[in-house]
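Me: I have a structure open and would like to learn how to read it. Could you take me through it feature by feature?

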Amino acid sequence: MEASAAVDSSATVAAFEVSNTGKLVLSSPSPPSLREELVGVVGKAFRPRAASGGRAPRCPWALTALQCVFPVLTWGRTYTLKSFRSDVMAGLTLASLGIPQSIGYANLAKLDPQYGLYTSVVPPLIYAVMGTSREIAIGPVAVVSLLLSSMIQNVVDPATDPATYRSLVFTVTFLAGVFQVSFGLFRLGFLVDFLSHAAIVGFMAGAAIVIGLQQLKGLLGLSHFTNSTDIVSVIKAVCSALRHDPWHPGNFFIGCSFLIFILITRFIGRRYKKLFWLSAISPLISVILSTVAVYATRADKHGVKIIQKVHAGLNPSSAKQIHLNGPHTAECAKIAIICAVIALTEAIAVGRSFASIRGYKLDGNKEMLAMGFSNVAGSLSSCYVATGSFSRTAVNFSAGARSTMSNIIMSITVFITLELFMKFLYYTPMAVLASIILSALPGLIDIKEACDIWKVDKMDFVTCLGAFVGVLFGSVEIGLAVAIGISFAKIIIQSLRPQVEVLGRLQGTNIFCSIRQYPVACRTPTVLTIRIDTSFMCFINATYIKERIIGWVREEVETSDGKARERIQAVVLDMSSVVNIDTSGLTALEEIHKELVSLGIQMAISGPGLNAVQKMKVSRVVDRIGEDWIFLTVGEAVEACLTEHKGTALEC
């Protein structure tokens, strides 16, 4: 008796579950309001985590907020002396590479050498207490230096008005930091994704070649050079300079000699992992040896270009040089947003690649905050835009860095260099700085990745090629604009023409799939099942979807005239992919329904998303179609249509 009751009860529950799935779809909860979404975002950022044991802190929100902003409060409690020793060695190794690179990148940014070193002092200190990456090395990088010089020089010529040029650089740096902080606070990290991986590969390769061409000025010891960055202008400038301007072959000899030396040490470091430090200190060795050689031979008297005087001491304040209401503020904001996005893209890509090796997760929003505050503080202390460098991060990782303490050690070392050793850089040849920059460029050109992009996605390769050609033959801005334009065109084209598939049932299952992808799937007689493959049915694709569905229905009706057994009696729209819908999409659904009613065909909908269901209810589309014709799954919708019209499913 009890067993019989149990069986009857389970059967009743099963019947209830099957017959009421449509009601489950329509009774889904209302989506959160705008206020609830905003409160949820802030709460997610600062909500304290549940304690694993012991008493909860008295002020959990305050403590969590502090730990969120300053991750050093979390990892600092478990920091050990052994880790500190590793970080000291990594920081010293990092400084030996960072000092000559910073001087070279300052030259690329058309700033005096000390500004590159300033940028390796303050931003790394700020990042060390706010960043979440343990390996990333902060400082000036080649691509951002090129971005600044190529775009700001269109506003002010650094050769004729260096003071105003520096003021614009600091203003751009401040605004870039503000933008980066905003990205982190308001969870706007998706803006970084506007530059796709393919676009970054092409942009970096083009920028590397442009940077390399710019180094011909230092490598050949030219006095006059073009401010343009495209390959045609640079080649013309080189040819013109070689014909008319005096140049000394000693510059070329020094540059090429030390470039070969750096590349050889890098090859040795990669071949023998224990000798990684050799490639790391080779730029510093090059600077020391070349400086001594020029001083000993007085080569500067015979045409070899040298750095000359470099200002020593701690970073001077540049707060008064930041102008947020000047005549060039709009141009600075435009340049700042580009630099902010490029800097974040490079830093997060570098940080995530090394975090995956160490097996921990990088917090993108915290990285944006850390980078932003680093650049805001840097702009107030004579620094320009800083970000994560791949070459220096690789050295930091290989040197055994355990935390951001290595950035602090590097910063202290650079500061000591600024205080004590700047006068020794007077005779450093410009050609050796060019060779140091040239040696870092091969890592920016990833031919293998470009080939892989071609194999996987031809449209992505077009994006990559567009960015590369735009940077190489136009400018940095043109390359970025072309890459973003192609990426958006690709998205728009795919949104305009989403996949609309006819579905069939796999034999012996209740699974419906595309008959184009799976030819073994069988069509159900008298029921046409169609899947709409777009997450947002909106004004841009609603007309196409409507015409495609109505076209198929009319074709089916015309081909089945006179064949009662095959005549379409119902159409099931699988909207399980449709997460949201706008008024144009709702209008298209109504027009599809009216067309089907005029043909005497029943319409059913299965699995619409939460937002789509809510809008269909508010607009009364559900009332027009009928609540009984909204289902959870395609299988239920097909069975209901067959039952309504007393049809039978094709055995397949």
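Reply: Happy to. This is a predicted model, in which local features need pLDDT of at least 70 and side-chain atom pairs count only at pLDDT 80 or more, while totals for chains, interfaces and linings use all residues. Residues are numbered from 1 along each chain as its sequence is written, and side-chain values use heavy atoms, with hydrogens and water left out.

Me: How many helices and strands does the chain have?

Reply: Helices (H or I, at least four residues) and strands (E, at least two) are DSSP runs, numbered from the N terminus. Here the chain has 28 helices and 10 strands.

Me: What share of the residues is buried?

Reply: Buried means under 20% relative accessible area, exposed over 50%, and partly exposed in between (1.4 Å probe, protein chains only). Of the 652 residues in this chain, 50% are buried.

Me: And what share of the contacts joins residues 24 or more positions apart?

Reply: A contact means heavy atoms within 4.5 Å. Among contacts with a separation of 6 or more, 81% are between residues 24 or more positions apart.

Me: How many salt bridges are there?

Reply: A salt bridge is a side-chain nitrogen of Lys or Arg within 4 Å of a carboxyl oxygen of Asp or Glu. The structure holds 13 of them. In one, Glu135 pairs with Arg358, with the closest N and O atoms 2.8 Å apart. This pair links distant parts of the chain, 223 residues apart: Glu135 is in the loop between helix 8 (122–130) and strand 1 (138–139), and Arg358 is in helix 16 (residues 329–358). Glu135 is buried at 0% relative accessibility, whereas Arg358 is partly exposed at 28%.

Me: Which residues are linked in a network of salt bridges?

Reply: Asp457, Asp460 and Lys490 are. Within it, the side chains of Asp460 and Lys490 meet at 3.0 Å, N to O. Asp460 sits in helix 22 (residues 458–473) and Lys490 in helix 23, 30 residues apart. Lys490 is buried at 17% relative accessible area, and Asp460 is partly exposed at 25%.

Me: Which residues line the largest cavity?

Reply: On a 1 Å grid over the protein atoms alone, a cavity is a set of points where a 1.4 Å probe fits but cannot get out; lining residues have an atom within 4 Å of a point. A search of the whole structure finds one cavity of 30 Å³ or more, and the largest cavity holds about 40 Å³ of space. Its lining includes Leu108, Lys110, Leu146 and Gln214. Helix 9 (residues 142–152) gives the most to that lining, with three residues.

Me: Which residues make the nonpolar surface patch?

Reply: Such a patch joins nonpolar side chains (Val, Leu, Ile, Met, Phe, Trp, Tyr) within 5 Å, from residues with over 30% relative accessible area and no salt bridge. Phe194, Phe488, Ile491, Ile492 and Leu496 make one of about 410 Å². Leu496 belongs to helix 23 (residues 476–496) and is partly exposed at 31%.

Conventions:
Patch = residues over 30% accessible without salt bridge, like charges linked within 9 Å, V, L, I, M, F, W, Y side chains within 5 Å. Areas by Shrake-Rupley, 256 points an atom, 1.4 Å probe, with all protein chains shown as cover. 1 Å grid on protein atoms, 1.4 Å probe; cavity = no way out; pocket = protein on both sides within 12 Å on 5 of 7 lines; lining within 4 Å. Points joined across faces, edges and corners; volume = space filled by probe spheres on them.
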